[in-house]
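Subject: Structure handover

Hello,

Here is the structure I promised to pass on. Please open it beside this email and follow along.

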Amino acid sequence: MTFTIEPTALDWFRSEMSVQQGEFVRFFVRIGGCSTVQTGFSLGVAKEAPKEIGISTTIDEITFYMEKEDVWYLNEQNLRVSYNSSRDEIEFS
């Protein structure tokens with residue numbers, strides 16, 4: 001499994017969530033919503049320190065991660081976070 005944050009998505013996190021070097025961005029499982037990853041679930045995003053990292057990537061000293069308890073959501077697949085400029089939001093695939 002790989003966890004990829006595209007450069008334009010990184011810019012979005014800096015702008016919209018004021019994420020800075022040394023901080024953490026958590027992706028967590030939510031019930032409901034639309035997802036291209038798992039039916040009936042979606043991902044939420046929060047700026048918070050980890051408890052037990054299951055998968056992560058660090059870009060420019062910002063750590064993006066999912067807790068160990070939420071990694072099942074990926075179903076052994078890779079996660080790519082990109083930015084959709086026409087919708088002005090991040091997307092998961």
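Accessible areas here come from the Shrake-Rupley method with a 1.4 Å probe. On that basis, the protein exposes about 5500 Å². Carbon and sulfur atoms supply 45% of that area. Please keep in mind that this is a predicted model.

**Overall layout**

The protein has 1 helix and 7 strands. Along the sequence, they follow the pattern β-α-β-β-β-β-β-β. There are 93 residues, and 38% of them count as buried. Now take the contacts between residues at least 6 apart in sequence. Of these, 55% join residues at least 24 apart.

**The core**

Which residues touch the most other members of the largest nonpolar core? They are Phe3, Ile5, Phe13, Phe27, Phe64, Met66 and Val81. The core holds 22 residues. The largest share, 5 residues, comes from α1.

Look at phenylalanine 64 next. Leaving out residues up to four places away in sequence, Phe64 touches Phe3, Ile5, Leu10, Phe13, Val25, Phe27, Ile55, Ser56 and Thr57.

**Aromatic pairs**

The whole structure contains 7 aromatic pairs. One of them joins phenylalanine 3 and phenylalanine 27. Their ring centres are 5.4 Å apart. Why is this pair called edge-to-face? The ring planes sit at 75 degrees, and planes over 60 degrees apart count as edge-to-face. Phenylalanine 3 is in strand β1 and phenylalanine 27 is in strand β2. The pair links distant parts of the chain, 24 residues apart. Both residues are buried.

Ring pairs also build a cluster. Its members are Phe3, Trp12, Phe13, Phe27, Phe64 and Phe92.

**Salt bridges**

How many salt bridges are there? The count comes to 10. Here are three of them.

- Arginine 80 and glutamate 6 meet through their side chains, at 3.1 Å from N to O. Arginine 80 lies in strand β6 (residues 79-84). Glutamate 6 lies in the loop between β1 (3-5) and α1 (7-17). The two are 74 residues apart, so this pair links distant parts of the chain. Arginine 80 has a relative accessible area of 37%, so the residue is partly exposed. Glutamate 6 is also partly exposed, at 23%.
- Glutamate 48 and arginine 26 meet at 3.0 Å, N to O. Glutamate 48 lies in the loop between β3 (41-46) and β4 (53-59), and arginine 26 is in strand β2 (residues 24-31), so the pair ties together parts that are 22 residues apart in sequence. Glutamate 48 is partly exposed, with a relative accessible area of 30%. Is arginine 26 buried or exposed? Arginine 26 counts as buried, because its relative accessibility is 13% and the limit for buried is under 20%.
- Glutamate 89 and arginine 87 meet at 3.2 Å, N to O. Glutamate 89 is partly exposed at 29% relative accessibility. Arginine 87 counts as exposed at 53%.

Arginine 26 and glutamate 48 also belong to a network of salt bridges. Glu69 and Asp70 are linked into that network too.

**Two more residues to look at**

Start with asparagine 84, which lies in strand β6. Its relative accessible area is 16%, so asparagine 84 is buried. Its side chain makes a polar contact with the side chain of serine 86, at 2.7 Å. Asparagine 84 also touches Glu89 and Glu91, not counting residues up to four places away in sequence. Glu89 is the residue in the salt bridge with arginine 87.

Then find valine 71. Where does valine 71 sit? The place is the loop between β5 and β6. Valine 71 is buried, with a relative accessible area of 14%. Its contacts are Met1, Gly54, Ile55 and Met66, not counting residues up to four places away in sequence. Isoleucine 53 is 18 residues from valine 71 along the chain. Their C-alpha atoms are separated by 9.2 Å.

Best wishes

Definitions and conventions. Residues are numbered from 1 along each chain as its sequence is written. This is a predicted model: local features need pLDDT of at least 70, side-chain atom pairs count only at pLDDT 80 or more; totals for chains, interfaces and linings use all residues. Side-chain values use heavy atoms; hydrogens and water are left out. A salt bridge is a side-chain nitrogen of Lys or Arg within 4 Å of a carboxyl oxygen of Asp or Glu. Helices (H or I, at least four residues) and strands (E, at least two) are DSSP runs, numbered from the N terminus. Buried means under 20% relative accessible area, exposed over 50%, partly exposed in between (1.4 Å probe, protein chains only). Rings of Phe, Tyr and Trp (its six-membered ring) pair if their centres lie within 6.5 Å; planes under 30 degrees apart count as stacked, over 60 as edge-to-face and the rest as tilted. A polar contact is a pair of N or O atoms within 3.5 Å; within protein, one must be able to donate a hydrogen and the other to accept it, and residues adjacent in sequence count only if both atoms are side-chain atoms. Contact means heavy atoms within 4.5 Å. A nonpolar core is a set of buried Ala, Val, Leu, Ile, Met, Phe, Trp, Tyr and Cys residues joined through side-chain atoms within 4.5 Å.
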